[in-house]
Amino acid sequence: MTCAEVRSHFSDLLDQGLTSAEAVGTGAESPGAPGDDTGATVRAADRAAIAAHLATCSECAHELAALRKTLALLHAVDPVAAPIGFVDRVLERVSRPWSRRLARWLVRPLHVKLPLEAAAIVAVSIGVA
Amino acid sequence: VRERPADPPSLLARLRAGDPAAFEDLVRAYQHRVFSVAVRMLGSRAEAEEIAQEVFVRVHRSIGGFRGDAALSTWLYAITSRLCLTHLASPRRRVPHHGEEVLVRLRDDRSDPPSTLERREVERLLHRAIAELPDDRRIVLVLRDLEGLAYEEIAEALDLEVGTVKSRLHRARMELRERLEKVTG
């Protein structure tokens, strides 16, 4: 395997919890480390070839270690909490359409509103009659 | 990788049944996850709130049509990702906000913690490195490494092949590793 081919597997290896040449070179073919549900897969044959490469290529071994540190940093990032009052503001927004429609009706110009009101009165009168 | 809380089991059934309290429960259960993705993608709390609110407004509007083929959380991540990417691509979007405020905070659970100054510097570098990734790679990295989604879930949320998710994630991680050379060696 070339350096580029080996490095193309680094993400999957790290998702499978394999971070050293020894770890990469052991274990049966499996979809991931115990408890891993990422969907990461590196075939056992590839893992053996990668382990052999890492044992002799210090640059790739260094690259894998640096990538592992990068991921460790990412995984240590604290989640960001939604701002206080967020839920209330969402609930206010989803309930707003009714009040908006009412407001629109109230400010509708007379030349639009009056004919509609007249039509409503006629409709009600017919209904009563 | 971070553990994600599972979807509350009866929430979808309650939403579909029109339980008036169910929507509020949904917003409470997912607000932080939705906001977190938005803030990582947009780099601004104000814009993230705008988009996160819009996510829930759309959910409210379309919950009746949600078939439940995917998990509720995957659906929410899908809407959030799509809105963020559309917003980022909008020509009307204001100047990018990344860099104004460092929105990355690191947990410190090591036995030999670095000084506050060192940690702030790492947080600043990491914030900038994430912000400078291309949008289509950043979203995959955020969903995988910050939100803890599996490849399949990301593929479903972004409507991509799993292979595309893997290659974008790999490139994003390698780019990040290069940008963090100073910290990771």
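A salt bridge here is a side-chain nitrogen of Lys or Arg within 4 Å of a carboxyl oxygen of Asp or Glu. Keep that in mind. What you see above is a predicted model. By that rule, six salt bridges cross the interface of chain A and chain B.

Take one of them. R89(A) pairs with E49(B), and their closest N and O atoms are 2.5 Å apart.

Which helices of chain A supply at least two residues each to the side that touches chain B? They are α2 (10–15), α5 (58–75) and α6 (86–106). The largest share comes from α5(A), with 10 residues. By class, this side of chain A has 19 nonpolar, eight polar and nine charged residues.

Now the whole interface. On chain A, 36 residues are in contact with 47 residues of chain B. The area buried between the two chains is about 3,900 Å². Carbon and sulfur atoms give 60% of that area. Polar contacts also cross here: the rule finds 15 residue pairs, with both residues at pLDDT 80 or more.

Next, aromatics. How many aromatic pairs does the structure hold over all chains? One. The partners are F86(A) and F56(B), arranged edge-to-face. Their ring centres are 6.0 Å apart, with 65° between the planes. The edge-to-face label applies because that angle is over 60 degrees.

Why does this pair join two chains? F86(A) lies in helix α6 of chain A, and F56(B) lies in helix α3 (residues 45–62) of chain B, so the pair links the two. Are these two residues buried or exposed? F86(A) is buried, and F56(B) is buried as well.

Terms used. Residues numbered from 1 in each chain as written. Chains lettered and ligands numbered in written order. Predicted model: local features only at pLDDT ≥ 70, side-chain atom pairs only at ≥ 80, totals over all residues. Heavy atoms only, no water. Contact = heavy atoms within 4.5 Å. Buried area = accessible area lost by both parts, 1.4 Å probe. Polar contact = N/O pair within 3.5 Å; in protein donor to acceptor, adjacent residues only side chain to side chain. Helix = DSSP H or I, 4+ residues; strand = E, 2+ residues; numbered from the N terminus. Nonpolar A, V, L, I, M, F, W, Y, C, P; charged D, E, K, R; others polar. Phe/Tyr/Trp six-rings, centres within 6.5 Å; stacked < 30°, edge-to-face > 60°. Buried < 20%, exposed > 50% of the residue type's maximum accessible area, 1.4 Å probe, protein only.
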